[in-house]
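Please brief me on how the strands of this model pair up and which side-chain contacts link them. Keep it brisk and grouped by topic.

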Amino acid sequence: QVQLVESGGGLVQAGGSLRLSCAATGSILSINAMGWYRQAPGKQRELVARITSGGITNYADSVKGRFTISRDNGWNTVYLQMNSLKPEDTAVYYCNANAAPRVIVGVRDYWGQGTQVTVSS
């Protein structure tokens, strides 16, 4: 099975930085795209950043200029560098992958367990 393991969350003060990582494990045939989503208490889950297999990135307007998504060359790990954090960035951050597993024909979305990011004012 394909699993996404997230790490790097924590509690920081406003203006600080965190770096999230997401490692994809399992029998993966290919990955089309990976991204980070977040869900704050009482709010809907929203896309934060995404990167395709071709290296194309897109970001939510609220994080442009502050967050950077990247991946290693082997596509096993993606990162989200978060700078100039604001209290409104507080949320559970989820890693997402659109991937084709070896044991199943076709592609599907996979989700990590989520990592808490808390930014104090």
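Strand β4 (residues 28–39) and β9 run antiparallel and are joined by 10 bridges. Strands here are DSSP runs (E, at least two residues), numbered from the N terminus; two strands pair if DSSP finds at least two bridges between them. This is a predicted model: local features need pLDDT of at least 70, side-chain atom pairs count only at pLDDT 80 or more, and totals for chains, interfaces and linings use all residues. Residues are numbered from 1 along each chain as its sequence is written, and side-chain values use heavy atoms, with hydrogens and water left out.

**Strand β9 and its partners**

- Strand β9 covers residues 91–101, and nine of its 11 residues are buried, so the strand is largely enclosed by the rest of the structure. Buried means under 20% relative accessible area, exposed means over 50%, and partly exposed lies in between (1.4 Å probe, protein chains only).
- Strand β10 (residues 108–111) is joined to β9 by four bridges, and the two run antiparallel. Here alanine 99 is partnered with arginine 108 of β10.
- β9 and β10 form a hairpin, with six residues between them. In the turn, glycine 106 has a positive phi of about 105°.
- Strand β11 (residues 115–120) also runs antiparallel to β9, through three bridges. Tyrosine 93 stands opposite threonine 115 of β11.

**The open four-stranded sheet**

- Four strands form an open sheet in the order β1-β3-β8-β7, with antiparallel pairing.
- β1 (3–7) and β7 (67–71) stand at the edges with a single partner strand each, so one side of each is left without a neighbour in the sheet.
- Neighbouring strands of this sheet are turned by 15° against each other on average, direction ignored. The axes are lines fitted to C-alpha atoms, and angles run from 0 to 180 degrees between N-to-C directions.
- β7 and strand β8 (residues 77–82) are joined by five bridges and run antiparallel. Arginine 71 stands opposite valine 78 in β8.

**The disulfide**

- There is one disulfide, defined as a pair of cysteine sulfur atoms within 2.5 Å.
- Cysteine 22 is joined to cysteine 95, S to S 2.1 Å.
- The torsion about this S-S bond is about -85°, so the disulfide is left-handed.
- Cysteine 22 lies in strand β3 (residues 18–25) and cysteine 95 in strand β9, so the pair ties together parts that are 73 residues apart in sequence.
- Both cysteine 22 and cysteine 95 are buried.

**Aromatic and charge contacts**

- The model has one aromatic pair. Rings of Phe, Tyr and Trp (its six-membered ring) pair if their centres lie within 6.5 Å; planes under 30 degrees apart count as stacked, over 60 as edge-to-face and the rest as tilted.
- The rings of tyrosine 37 and tryptophan 111 have centres 5.0 Å apart and planes at 65°, so the pair is edge-to-face.
- Tyrosine 37 lies in strand β4 and tryptophan 111 in strand β10, so this pair ties together parts that are 74 residues apart in sequence.
- Tyrosine 37 counts as buried at 16% relative accessibility, while tryptophan 111 counts as partly exposed at 38%.
- The charged end of arginine 45 sits over the ring of tryptophan 111, 4.8 Å from its centre. Such a contact needs NZ of Lys or CZ of Arg within 6 Å of the ring centre and within 35 degrees of the ring normal.
- Arginine 45 also lies over the face of tyrosine 94, at 3.9 Å from the ring centre.
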